[in-house]
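Thank you for making time this morning. I would like to walk you through one model, beginning with a pair of helices and then turning to the sheet.

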Amino acid sequence: MSQVNKAIIDINVQVAPVYKAQSDAFGVLDYPFLLDIINKNGLSKVLDVGTGEGSFLIGLAQRTTNVAFDAIDLNKNLVEIGKANNEILGLGINFQHANFGENYAESNYDLIMARFAVEHIVELSDINSFISTTYEKLRENGWLVIIEYYVHELDIDDSTWSKFRENELATYKSIKAHPRIALKLPESLRKAGYKNIRSSINHISPSTIGAEFFYNLVQEYTKIYSKITPDFWTNELTDEIFSWCNKNQPKGEPLLFTSYTVGQKTVAF
Ligand SMILES: C[S@@+](CC[C@H](N)C(=O)[O-])C[C@H]1O[C@@H](n2cnc3c(N)ncnc32)[C@H](O)[C@@H]1O
């Protein structure tokens, strides 16, 4: 089995609030982006790999009609939360506890999406085989969309924000996650056979997604990072970041980044 970070899988339901904050914050850009691909190409059979507790996918399903969604995750507890929420909302998403590439048989998808999942696969060779498996499980002309976080070095002259960014990178390194996997993905897609490959980086800031979503996300990240790697997220630093977020008066505009990598199965330009 390809090795996925235990830190991410084992942490269980504590991650639900951070995934929800990510859905709210990045969803401002991610929903229109995915809806554009789904609607322009008339896609109706979609798989979300590494769906977590499904909050992002539920938001996507609520914005579409006539699309059948399958959703899988390695983490059974998160899948159960997704199932329960889906039941309440009556969206018809098919949540399953499964490991993509190991014990998941369904194929012939119009679109496979993976959001913040690939960065947690430890070995680059396993990332390549993950991408090859997506290719096998798409129908002809089907689409792959990979959305990832991107830990950039660019910074503003604000000491609290600098500490957040430095520690974030340290957390990624410490759990062997890939802070800039976006840079490797286009080549990986090409090697798997994908065509029409596109890759882009998005600026996530109070200006692009709104101050409330932005600072809420920074607080949720601080909480989860300090659970995963408490050694360098001291209580003092956590308090400093929380009050910095609440004041909402940084010296300059703080920026986070995400990446989109898109490919299509076999169609020529
Ligand atoms: C950081 S979470 C992202 C959750 C969700 N996609 C979101 O955007 O909020 C990544 C999830 O991918 C799952 N995952 C990683 N590799 C997987 C695989 N091969 N099969 C199924 N789930 C996988 C992990 O268990 C984890 O819950």
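In which crossing, left-handed or right-handed, does α2 pass α9? Before I answer, please note that this is a predicted model, in which local features need pLDDT of at least 70, side-chain atom pairs count only at pLDDT 80 or more, and totals for chains, interfaces and linings use all residues. Residues are numbered from 1 along each chain as its sequence is written.

The crossing of α2 past α9 is left-handed, a term used if the near helix is turned anticlockwise from the far one by less than a right angle. Helices here are DSSP runs of H or I with at least four residues, strands are E runs of at least two, and both are numbered from the N terminus. Helix α2, residues 16-40, packs with helix α9, residues 211-228, at an angle of about 150°, their axes being 9 Å apart. Axes are lines fitted to C-alpha atoms, for helices over the stretch in contact, and angles run from 0 to 180 degrees between N-to-C directions. That makes α2 roughly antiparallel to α9, the word for angles over 145 degrees.

Turning to the sheet, seven strands form an open, mixed arrangement in the order β3-β2-β1-β4-β5-β7-β6, where strands pair if DSSP finds at least two bridges between them. The edge strands, each pairing on one side only, are β3 (94-97) and β6 (194-204), and the twist averages 15° from one strand to the next. Strand β1, residues 45-49, pairs with β4, residues 109-115, in the parallel sense over four bridges, and D48 stands opposite M113 in β4.

Technical notes. Parallel < 35°, antiparallel > 145°, perpendicular 65-115°, else oblique.
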